[in-house]
Each structure stands twice: as C-alpha cells, then as structure tokens.
Amino acid sequence: MVSAPHEVMHRIFQDHPGLFSGVSEVLGVDFGPLVRVTVLPTDLTEARPVERRVDTLLRVETEDGGSYLLAIEAQGKKDRDKPASWAYYLSYLHTKYRLPPVLLVVCQDRATAEWAARPVDIGPPQWAALTLRPLVAGPHNMPVITDAAEVRKDFALATLSLITHGADRDPDAILKAMTTALRETPEAIKNPIVELISQGLGNLPAAALWRKLVAVDLSFYKSPISEEIRDEGRAEGRNEGRAATRAEDILFILELRGVDVSEDVRGRITGCGDAETLLGWLARALTTPSAEGLFSDE
C-alpha cells in the first residue's frame, strides 16, 4: 500500500515543478533554469507485459531551448529489484519520447538514500552495456534549514528538506523554522504546505510535534489539517473530562456502598483515561463485593 510520505515526496514536484532547480543545485548538478514544465502520464506499461508505473514524470524545457524528462521516484526502503525497474523506466522513456531522461530518487532514510545513489552496471563484468546513475535527495545531502528567513527564500525546497529529515532525532528546530516562516505567508501558500508536511511525515514521531506546532503557532488561520488538529484537541478534552467524571462516580458509588478502596485501586481508577473502560467499571461498582472486583474480567 502506498503511504502518504511516499506520495508527497514525488507529488511535491508536480505542485512545485521549479523545485528541481533547487534540488539539482543542492546535488551539485547544473540543469539550468526551467522555462516550462509539463506533467506527463506516469503509466509506462507496454501492450502486453506487466504494468510499470513511475511515481511522477515531468517534461522540462530549459532556457536554451532544450528539453529533458524528469522521472521522480519516492523510495522508502532498499529493494534489490528496483534498479532493474528504474533502468527499464529510463530506457522506455528515451524510446517513447526521444528525450534524455533523468531519474531523481527521494528518500527519508539515510541508508536507503546511500543505497539508491550507487551506480548500477547492467551487463557482463567485462563490459557494462548500461550504467544506472540516479540523482538521490535524502537526509544525507539535503540541507537542514533551521532559519525562517532561509525557508521563505524557497518554500518548496524547505518543505522537501523538512520531509527528508523527518526521521532525524531532533527535528524541533526544522519544524519551528517552518511554522515561523509560515506565519506571515498568504493562506494560498500556507495551506498546501501544511498539508504536504503533515502527509509527508506520516507516522514519524515528528508528525505529532508538527501537528502541535500548527495548532499553536498557526492557530490564527484555517486549513483542513489545522481544523482537524483543533477538532482532535477539543475531542480529547471532552474525552478527558468524561473519563475524570466517571472515575469520580465509581469512587463515589464504592464509598456509598461501604466498599474499601485501596490506594492501588484508587490510582488505577483515576489514572485510567479510557472512558469506555471506566463505563464498564462503573456498572460493576453497583454490585461488586470488593473494589478489586471491578477488574474481574482482566
């Protein structure tokens, strides 16, 4: 199943085609300024063989009148079969469009990025007929942007950089720089970036911190994710209040019935945050001969 981070790492180039200029500069390869970019169909399937589909495919036209194809693949882990698929993509694209193809692989994991960057010779050891040489963007070479002013210079590059560094141990400064930069940014730019980052971080620990920063630092504007975060906060507050009330009711009923409650049982009741579990204990509190009987089915 394709994950949200996988989708974001290549789709960001569809939303911000000029991003490749910044990425290629970071990677030390000069492709020149982009004049026009066209999103092309990603289906590389032939008439009969197995379906093959590149993640994102762009046709790029440069200032000097040249053109090339940019195939972008988001790679989440090492896959020994991928180099063969990538070589197929490039050969097929060159045959179909008669334009030079470039493969960019985007990764969130350093080990995967370094694996993907290794040239792969295709052919016998005496003479490689083809050599696969992807460009790779990942945590090993993308800049760590912790200055809001730098973020504002190129939001697309900063967004991709943040996503590729999403698994870093200490992402606080990177995330904070982004929310700081977004405060004075028009909503038309803000909202898509907030959504891209939220999806791009997926289930990484940094995703929870990002959502909190959005709720606090960017609380003055609305986007689907910020509204979702605030709704979650309100729902969480309601659940916590409901749980606390039920815990109090359980203790009140046990006290009213003269049932002794040890400190361990009291702590377990008041420390439970699951309203549904507490509801079950509340029902048992009406009949249980001992406080420990609340947990008889566990």
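**Note on helix packing, a pocket and selected residues**

1. Val-8, Met-9, Ile-12 and Phe-13 in helix 1 meet Ala-156, Thr-159, Leu-160 and Ile-163 in helix 6, where contact means heavy atoms within 4.5 Å. Helices (H or I, at least four residues) and strands (E, at least two) are DSSP runs numbered from the N terminus. By class, this contact of helix 1 with helix 6 has 7 nonpolar, 1 polar and no charged residues. Nonpolar covers Ala, Val, Leu, Ile, Met, Phe, Trp, Tyr, Cys and Pro, charged covers Asp, Glu, Lys and Arg, and polar the others, Gly among them.

2. The model is predicted, so local features need pLDDT of at least 70 and side-chain atom pairs pLDDT 80 or more, while totals for chains, interfaces and linings use all residues. Residues are numbered from 1 along each chain as its sequence is written, and side-chain values use heavy atoms, with hydrogens and water left out.

3. For the chain overall, the secondary structure comes to 12 helices and 7 strands. The protein has 298 residues, of which 44% count as buried (under 20% relative accessible area; exposed is over 50%, partly exposed in between, with a 1.4 Å probe and protein chains only). Among contacts with a separation of 6 or more, 63% come from residues 24 or more positions apart.

4. The largest pocket holds about 400 Å³ of space. Of its 18 lining residues, the closest to the centre are Leu-90, Thr-131, Leu-132, Arg-133 and Pro-134. A pocket is an open set of points on a 1 Å grid over the protein atoms alone, where a 1.4 Å probe fits, with protein on both sides within 12 Å along at least five of seven lines; lining residues have an atom within 4 Å of a point. The volume is the space filled by probe spheres set on the points.

5. Helix 3 (82-97), strand 4 (101-106) and strand 6 (130-132) each supply at least two residues of the pocket lining. Helix 3 gives the most, with 4 residues. Sorted by class, the lining of the largest pocket has 14 nonpolar, 3 polar and 1 charged residues.

6. Lys-77 lies in the loop between strand 3 (67-74) and helix 3 and counts as exposed at 61% relative accessibility. Not counting residues up to four places away in sequence, Lys-77 touches Thr-112 and Trp-115. Lys-77 and Gln-108 are 31 residues apart in sequence, with their C-alpha atoms 9.0 Å apart in space. Arg-98 is found in the loop between helix 3 and strand 4 and is also exposed, with a relative accessible area of 61%. The phi of Arg-98 is near 55°, a positive value in a residue other than glycine, and is worth a look in the viewer.

7. His-165 lies in the loop between helix 6 and helix 7 (172-182). His-165 is buried, with a relative accessible area of 4%. Leaving aside residues up to four places away in sequence, His-165 touches Pro-139, Met-142, Pro-143, Val-144 and Ile-174.

8. Pro-192 is placed in helix 8 (residues 187-201) and has a relative accessible area of 38%. The C-alpha atoms of Pro-192 and Asp-15 are separated by 9.2 Å, although the two are 177 residues apart along the chain. Leu-279 is placed in helix 12 (residues 275-285) and is partly exposed at 38% relative accessibility. From Leu-279 to Arg-246 the C-alpha distance is 6.8 Å, for a sequence separation of 33 residues.

9. Leu-34 is found in strand 1 (residues 34-39). Not counting residues up to four places away in sequence, Leu-34 touches Pro-17, Gly-18, Ser-21, Val-60, Glu-61 and Tyr-68. Leu-34 and Ser-21 are 13 residues apart in sequence and 7.1 Å apart in space, C-alpha to C-alpha.
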